[in-house]
Amino acid sequence: MLLHTLFLLVFSAAALAKRVVVDWDVGYVYMMRDGINYRRSIGVNGQSPIPPVYATRGDTLILNVHNSLNVTTTIHAHGLFMRGMSYMDGPGMTNQCGIPPGESFTYEYHLEQEGTFWLHGHDHDHNADGLRTALVVYDEEPPYKYDAEHLFTFEDWFAGQFADRAALTTDPTKPFPPPSSYGFGLINGYNGNSTKPIKFEPKKTYRIRLINMSSTLWFKFRIPGLKLRVIEVDGILSDEHIVDGVQLAPAMRYSVLVTAHESDEFNYYYKVKMYADFIPASPGENPRFYSGLVEYRQDSPVKELPDVDDSKLTWVEDIKMTALDKQPPLPVDRSLYLWVGNNIMSSGQHMDHISNITYYAPLVPSLFTAMTTGDLAMNPDVYNNRTHPVVLKHNEVVELEVHNPNRVPHPMHLHGHAFQVTEYGPSLDGFTPGFTFSPLVQSLVAPIQRDVMEIPPYSYIKVRFRADNPGVWLYHCHVNIHGSPESLRMLMTLVEAPDVLQKTQTLPKKLIKHCEMSGIKASGNAAGNAGLDMTGLPPVPYVVAKSF
Ligand SMILES: [Cu+2]
């Protein structure tokens with residue numbers, strides 16, 4: 001009887017799963033996204049913004065990408081663990097060689113997680129120029145009940161191309177940092193003040209999904225007069241966490257439940273603020289304010305509620321949240337102490353670093369090195385110090401303790417995992433009076449898991465994860481100007497269980513061909529040689545002095 005039931009369950013789950021096929025011809029699109037500047041952006045099938053992608057847990061998403069740009073490109077499915085398929089993760093020169101111009105590649109995503117994710121470029125910072133959209137993975141039977149959903153994507157949008165901003169930031173003859181540029185805010189793809197109303201019906205409960213797809217700026221969202229119950233953080237379900245508003249660093253996602261007003265006699269506004277605390281305030285530019293209509297009845301008047309200062313409202317605190325699965329903190333096997341900052345280099349440039357190592361890409365994608373160097377793959381030297389490699393043992397529990405002893409917050413993203421957020425505290429080395437820092441706060445029972453950690457100014461964060469996903473995974477700042485291998489280079493490479501990886505995964509032939517087409521070796525150490533011979537790897541700048 002039990003066997004029979006099991007068979008039925010397995011059979012019915014398999015019957016429901018489907019293949020969702022999406023074709024993307026990635027190319028340049030000239031568009032006025034913000035209603036102000038006409039500029040070149042990167043879109044798909046001649047469209048910018050790119051339409052969101054929807055699927056259901058259990059589905060396989062087939063993303064056929066054709067590259068019509070004049071440089072290589074890749075796609076990363078942000079928040080998906082890519083279990084057993086590290087070669088589908090996307091980062092150029094870590095997990096693959098970029099798809100050459102005129103070539104195609106099919107990404108295959110097995111959707112084993114439900115939640116709010118996004119698809120974005122991970123080569124030449126194409127996400128910052130528009131190659132980004134929501135990926136919503138529904139659950140057939142979500143543990144929370146709601147009547148309908150709304151999706152909000154937030155983006156910062158700058159007048160110029162990202163490459164020009166990066167070039168200015170890394171030009172040793174120019175002052176550092178360069179003068180601030182203030183982008184505009186986009187909501188669901190267009191100027192944040194020209195969005196369509198969201199429809200509410202009295203007393204109904206809505207799930208609102210929020211995604212910050214920005215390259216640089218933070219967003220806040222609230223519906224004055226209504227409480228928001230946070231139930232999802234970066235694709236991980238939580239117990240309800242009740243707040244007035246949600247703030248999102250770049251790359252973060254949340255879902256909130258909100259129960260509508262009792263009657264439809266008034267319509268209301270939702271309020272959005274785009275800001276960066278570390279960029280000088282500039283009236284009308286930083287912060288910028290946006291709003292849109294929460295519409296019950298088209299002919300109802302709008303009731304505007306009095307403005308309340310942000311400091312009087314409650315906002316999301318991930319350290320106070322509990323994961324719905326109630327998993328206790330993992331017992332730590334190995335702790336990695338890291339710190340982030342900025343140095344002056346021998347090239348005359350300012351460069352970001354993680355523990356004094358500034359990332360430079362290898363000549364062979366690090367995953368390809370892990371797959372092709374046999375026993376040597378367990379030796380970090382084979383990836384070269386420039387990639388800041390750390391080799392993790394299969395199934396060990398790793399704690400990252402990351403210090404940020406300066407005034408710029410960094411939203412750090414770990415590929416391939418969600419980590420438990422267990423502690424924040426002060427990191428006051430070099431503290432400048434007048435700034436804030438995190439007090440010591442811990443989560444000791446069932447910490448929330450997520451894939452982006454915001455390290456506040458003059459603070460540290462501790463997170464834990466189990467290295468149960470063999471592959472090569474980047475850890476980097478999601479502010480593009482900080483975390484790009486073509487800008488300030490705040491990245492490191494976690495090489496997870498290469499011994500298991502070699503036995504369980506095979507590089508697709510197409511990816512090897514793409515390397516060869518670009519003149520990149522698809523095997524060997526970071527220099528493309530045997531053993532630890534790094535002949536041919538050009539030298540990288542060294543640290544001259546600490547900057548901040
Ligand atoms: Cu950063």
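**Close-up views of the predicted model**

**Figure 1. An open sheet of seven strands with mixed pairing.** In this predicted model, the strands of the sheet follow the order β11-β10-β9-β13-β18-β15-β16. Its edges are formed by β11 (190-191) and β16 (236-243), each of which pairs on one side only. Strands of a sheet pair through backbone hydrogen bonds, in either a parallel or an antiparallel sense.

**Figure 2. The antiparallel pairing of β15 with β16.** Strand β15 covers residues 228-233 and is joined to β16 over five bridges. R229 has I242, in β16, as its bridge partner.

**Figure 3. The division of the protein into domain 1, domain 2 and domain 3.** Domain 1 contributes 31 residues to its contact with domain 3, which in turn contributes 40 residues. A distance of 22 Å separates the C-alpha centres of domain 1 and domain 3. About 2700 Å² is buried between these two domains, with 57% of that area on carbon and sulfur atoms.

**Figure 4. Salt bridges and polar contacts between domain 1 and domain 3.** Two salt bridges are found across this interface. A salt bridge links the side chains of K513 and E103, with an N to O distance of 3.7 Å. The interface of domain 1 and domain 3 also holds 22 residue pairs in polar contact. On the side of domain 1 that touches domain 3, the elements giving two or more residues are β5 (75-78), β6 (104-110) and β7 (115-121). This side of domain 1 consists of twelve nonpolar, 15 polar and four charged residues.

Notes:
Residues are numbered from 1 along each chain as its sequence is written. This is a predicted model: local features need pLDDT of at least 70, side-chain atom pairs count only at pLDDT 80 or more; totals for chains, interfaces and linings use all residues. Side-chain values use heavy atoms; hydrogens and water are left out. Two strands pair if DSSP finds at least two bridges between them. Helices (H or I, at least four residues) and strands (E, at least two) are DSSP runs, numbered from the N terminus. Domain bounds come from an automatic or database domain assignment. Contact means heavy atoms within 4.5 Å. Buried area is the accessible area (1.4 Å probe) that two parts lose on being put together, summed over both. A salt bridge is a side-chain nitrogen of Lys or Arg within 4 Å of a carboxyl oxygen of Asp or Glu. A polar contact is a pair of N or O atoms within 3.5 Å; within protein, one must be able to donate a hydrogen and the other to accept it, and residues adjacent in sequence count only if both atoms are side-chain atoms. Ala, Val, Leu, Ile, Met, Phe, Trp, Tyr, Cys and Pro count as nonpolar, Asp, Glu, Lys and Arg as charged, and the others, Gly among them, as polar.
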